[in-house]
Amino acid sequence: MAETEGSPFGGCLEKLMSYARTRKGTILAAEILLSFIILICYAASMYGGYTAVAICEMVFAIIFFVVYMLELDKQFLVVNWLWSDLFRAVIGAALYIITSLICVIGGTGDGARIAGGVFGLLAGILFAYDSYTLYLDIKSSRQHAAAPTGR
(Lines give C-alpha, C1' and ligand atoms only; values in the text may rest on other atoms or scores of the structure.)
Protein backbone atom coordinates (compact mmCIF):
# COMPACT_ATOMS: atom_id res chain seq x y z
CA MET A 1 0.00 0.00 0.00
CA ALA A 2 2.89 2.35 0.72
CA GLU A 3 4.28 1.75 -2.77
CA THR A 4 1.21 3.10 -4.52
CA GLU A 5 0.80 6.08 -2.19
CA GLY A 6 4.22 7.51 -3.05
CA SER A 7 3.64 7.31 -6.80
CA PRO A 8 0.88 9.47 -8.27
CA PHE A 9 0.29 6.88 -11.03
CA GLY A 10 0.58 3.75 -8.87
CA GLY A 11 -3.02 2.59 -9.14
CA CYS A 12 -3.25 3.42 -12.83
CA LEU A 13 0.00 1.61 -13.61
CA GLU A 14 -1.25 -1.41 -11.70
CA LYS A 15 -4.49 -1.43 -13.71
CA LEU A 16 -2.51 -1.06 -16.93
CA MET A 17 -0.28 -4.03 -16.16
CA SER A 18 -3.14 -6.25 -15.04
CA TYR A 19 -5.28 -5.39 -18.08
CA ALA A 20 -2.37 -5.86 -20.48
CA ARG A 21 -2.12 -9.47 -19.27
CA THR A 22 -5.67 -10.28 -20.39
CA ARG A 23 -6.41 -11.63 -23.86
CA LYS A 24 -8.12 -8.45 -25.06
CA GLY A 25 -5.49 -6.24 -23.43
CA THR A 26 -2.70 -8.16 -25.16
CA ILE A 27 -4.44 -7.86 -28.53
CA LEU A 28 -4.97 -4.11 -28.11
CA ALA A 29 -1.39 -3.58 -26.91
CA ALA A 30 -0.09 -5.51 -29.93
CA GLU A 31 -2.31 -3.42 -32.24
CA ILE A 32 -0.92 -0.22 -30.72
CA LEU A 33 2.67 -1.43 -31.02
CA LEU A 34 2.26 -2.63 -34.62
CA SER A 35 0.53 0.60 -35.60
CA PHE A 36 3.42 2.57 -34.11
CA ILE A 37 5.98 0.50 -36.03
CA ILE A 38 3.99 0.96 -39.25
CA LEU A 39 3.77 4.69 -38.58
CA ILE A 40 7.56 4.89 -38.29
CA CYS A 41 8.08 2.85 -41.48
CA TYR A 42 5.64 4.91 -43.53
CA ALA A 43 7.03 8.18 -42.16
CA ALA A 44 10.54 7.11 -43.23
CA SER A 45 9.41 6.18 -46.75
CA MET A 46 9.29 8.49 -49.73
CA TYR A 47 5.47 8.41 -49.68
CA GLY A 48 4.33 9.53 -46.24
CA GLY A 49 0.64 9.63 -47.12
CA TYR A 50 -0.01 6.16 -45.77
CA THR A 51 0.71 7.28 -42.21
CA ALA A 52 -2.90 8.41 -41.77
CA VAL A 53 -4.15 4.83 -41.52
CA ALA A 54 -1.56 3.94 -38.89
CA ILE A 55 -2.25 7.09 -36.87
CA CYS A 56 -6.03 6.62 -36.87
CA GLU A 57 -5.89 2.94 -35.98
CA MET A 58 -3.33 3.53 -33.24
CA VAL A 59 -5.44 6.33 -31.69
CA PHE A 60 -8.62 4.23 -31.80
CA ALA A 61 -6.81 1.24 -30.27
CA ILE A 62 -5.45 3.48 -27.49
CA ILE A 63 -8.94 4.84 -26.81
CA PHE A 64 -10.45 1.35 -26.53
CA PHE A 65 -7.49 0.16 -24.42
CA VAL A 66 -8.08 3.00 -21.94
CA VAL A 67 -11.86 2.48 -21.93
CA TYR A 68 -11.54 -1.22 -21.18
CA MET A 69 -8.64 -0.76 -18.75
CA LEU A 70 -10.52 1.77 -16.62
CA GLU A 71 -13.77 -0.20 -17.07
CA LEU A 72 -15.53 2.81 -18.54
CA ASP A 73 -17.51 0.42 -20.74
CA LYS A 74 -19.46 -0.57 -17.61
CA GLN A 75 -20.14 3.06 -16.69
CA PHE A 76 -21.12 4.52 -20.07
CA LEU A 77 -23.91 2.24 -21.15
CA VAL A 78 -25.11 4.58 -23.90
CA VAL A 79 -22.47 3.17 -26.24
CA ASN A 80 -22.48 -0.51 -27.18
CA TRP A 81 -18.76 -1.03 -26.73
CA LEU A 82 -18.62 -4.54 -28.20
CA TRP A 83 -20.20 -3.48 -31.48
CA SER A 84 -18.12 -0.28 -31.63
CA ASP A 85 -14.96 -2.29 -31.07
CA LEU A 86 -16.05 -4.80 -33.71
CA PHE A 87 -16.55 -2.05 -36.30
CA ARG A 88 -13.17 -0.54 -35.36
CA ALA A 89 -11.42 -3.87 -35.78
CA VAL A 90 -13.14 -4.76 -39.07
CA ILE A 91 -12.42 -1.36 -40.61
CA GLY A 92 -8.84 -1.50 -39.31
CA ALA A 93 -8.29 -4.94 -40.83
CA ALA A 94 -9.69 -3.85 -44.19
CA LEU A 95 -7.71 -0.60 -44.31
CA TYR A 96 -4.44 -2.22 -43.27
CA ILE A 97 -4.77 -5.07 -45.77
CA ILE A 98 -5.67 -2.75 -48.66
CA THR A 99 -2.97 -0.14 -47.99
CA SER A 100 -0.37 -2.79 -47.23
CA LEU A 101 -0.99 -4.62 -50.48
CA ILE A 102 -0.68 -1.32 -52.35
CA CYS A 103 2.60 -0.54 -50.55
CA VAL A 104 4.11 -3.98 -51.02
CA ILE A 105 3.15 -4.21 -54.70
CA GLY A 106 4.10 -0.66 -55.66
CA GLY A 107 6.98 -0.03 -53.29
CA THR A 108 9.90 -0.96 -55.52
CA GLY A 109 13.03 0.86 -54.44
CA ASP A 110 11.53 2.09 -51.16
CA GLY A 111 12.48 -0.33 -48.41
CA ALA A 112 10.69 1.55 -45.64
CA ARG A 113 7.43 1.47 -47.60
CA ILE A 114 7.77 -2.27 -48.22
CA ALA A 115 8.58 -2.87 -44.53
CA GLY A 116 5.53 -0.83 -43.55
CA GLY A 117 3.46 -2.90 -45.96
CA VAL A 118 4.70 -6.17 -44.48
CA PHE A 119 4.02 -4.99 -40.93
CA GLY A 120 0.66 -3.69 -42.18
CA LEU A 121 -0.25 -7.15 -43.44
CA LEU A 122 0.59 -8.54 -40.01
CA ALA A 123 -1.52 -5.81 -38.42
CA GLY A 124 -4.37 -6.63 -40.81
CA ILE A 125 -4.25 -10.25 -39.67
CA LEU A 126 -4.17 -9.16 -36.02
CA PHE A 127 -7.14 -6.82 -36.51
CA ALA A 128 -9.01 -9.62 -38.31
CA TYR A 129 -8.31 -11.94 -35.37
CA ASP A 130 -9.58 -9.23 -33.02
CA SER A 131 -12.73 -8.98 -35.15
CA TYR A 132 -13.21 -12.73 -34.92
CA THR A 133 -12.85 -12.80 -31.14
CA LEU A 134 -15.27 -9.87 -30.80
CA TYR A 135 -17.75 -11.66 -33.07
CA LEU A 136 -17.54 -14.73 -30.83
CA ASP A 137 -18.08 -12.53 -27.74
CA ILE A 138 -21.16 -10.92 -29.31
CA LYS A 139 -22.49 -14.30 -30.40
CA SER A 140 -22.04 -15.82 -26.94
CA SER A 141 -23.64 -12.82 -25.21
CA ARG A 142 -26.69 -13.11 -27.46
CA GLN A 143 -27.10 -16.81 -26.70
CA HIS A 144 -27.00 -16.19 -22.95
CA ALA A 145 -29.60 -13.42 -23.10
CA ALA A 146 -32.64 -15.23 -24.50
CA ALA A 147 -35.40 -13.09 -25.95
CA PRO A 148 -38.77 -13.18 -24.19
CA THR A 149 -41.39 -15.22 -26.03
CA GLY A 150 -44.39 -13.27 -24.76
CA ARG A 151 -46.07 -16.16 -22.90
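Is S35 buried or exposed?

What we have here is a predicted model, in which local features need pLDDT of at least 70, side-chain atom pairs count only at pLDDT 80 or more, and totals for chains, interfaces and linings use all residues. Residues are numbered from 1 along each chain as its sequence is written, and side-chain values use heavy atoms, with hydrogens and water left out.

Back to S35, then. S35 is buried, because its relative accessible area is 0%; buried means under 20% relative accessible area, exposed means over 50%, and partly exposed is in between, with a 1.4 Å probe and protein chains only. S35 sits in helix α3, residues 23-44. Its side chain comes to 2.8 Å from the backbone oxygen of E31, a polar contact (N or O atoms within 3.5 Å, where within protein one must be able to donate a hydrogen and the other to accept it, and residues adjacent in sequence count only if both atoms are side-chain atoms).

Now the overall fold. The protein chain has 6 helices and 0 strands, so named because helices are DSSP runs of H or I with at least four residues, strands are runs of E with at least two, and both are numbered from the N terminus. Of its 151 residues, 35% count as buried.

Let me walk you through two of those helices. Helix α4 has 19 residues and covers 27 Å from first C-alpha to last, close to the 27 Å expected at 1.5 Å a residue; the expected span is 1.5 Å times one less than the number of residues. Its buried residues include E57, F64, F65 and Y68. After α4 comes E71, with a positive phi near 55°.

Helix α5 covers residues 81-106. Its 26 residues should span 38 Å at 1.5 Å a residue, and the end C-alpha atoms are 37 Å apart, which agrees. Among the buried residues of α5 are W81, D85, R88, Y96 and C103.

How does this sit with the record? The unreviewed UniProt entry lists residues 25-45, 51-70, 86-108 and 114-135 under "transmembrane region". Those positions are given in the numbering used here, feature names are shortened, and the annotations may be inferred rather than shown by experiment. In the model, the span 51-70 is 95% helix and 0% strand, with its end C-alpha atoms 28 Å apart. For 86-108 the figures are 91% helix and 0% strand, with 34 Å between the end C-alpha atoms.

How many salt bridges does a search of the whole structure find? There are 6, where a salt bridge is a side-chain nitrogen of Lys or Arg within 4 Å of a carboxyl oxygen of Asp or Glu.

Take K24 and D130 to begin with: their closest N and O atoms are 2.7 Å apart. K24 lies in helix α3 and D130 in helix α6, so this pair ties together parts 106 residues apart in sequence. Both K24 and D130 are buried.

Next come D85 and R88, with closest N and O atoms 2.8 Å apart. Because they are 3 residues apart in helix α5, about one helical turn separates them. D85 and R88 are both buried as well. Salt bridges with shared partners join K24, E31, D85, R88 and D130 into one network. You will remember E31 as the residue whose backbone oxygen the S35 side chain reaches.

There is also a salt bridge between D137 and R23, with 3.8 Å between the closest N and O atoms. It links D137 in helix α6 to R23 in helix α3, 114 residues apart. Here D137 counts as partly exposed, at 28% relative accessibility, and so does R23, at 46%.

The C-alpha atoms of S45 and A112 are separated by 4.9 Å, although the two residues are 67 apart along the chain.

Last, the outside. V104, I114, V118, F119, L122 and I125 form a nonpolar patch on the surface, with about 470 Å² of accessible area together. Patches are made of residues with over 30% relative accessible area and no salt bridge, joining like charges within 9 Å and nonpolar side chains (Val, Leu, Ile, Met, Phe, Trp, Tyr) within 5 Å. The areas come from the Shrake-Rupley method with a 1.4 Å probe, and for residues only the protein chains shown count as cover. Helix α6, residues 111-144, gives the largest share of the patch, 5 residues. V104 belongs to helix α5 and is partly exposed, at 31%.

Thanks, everyone!
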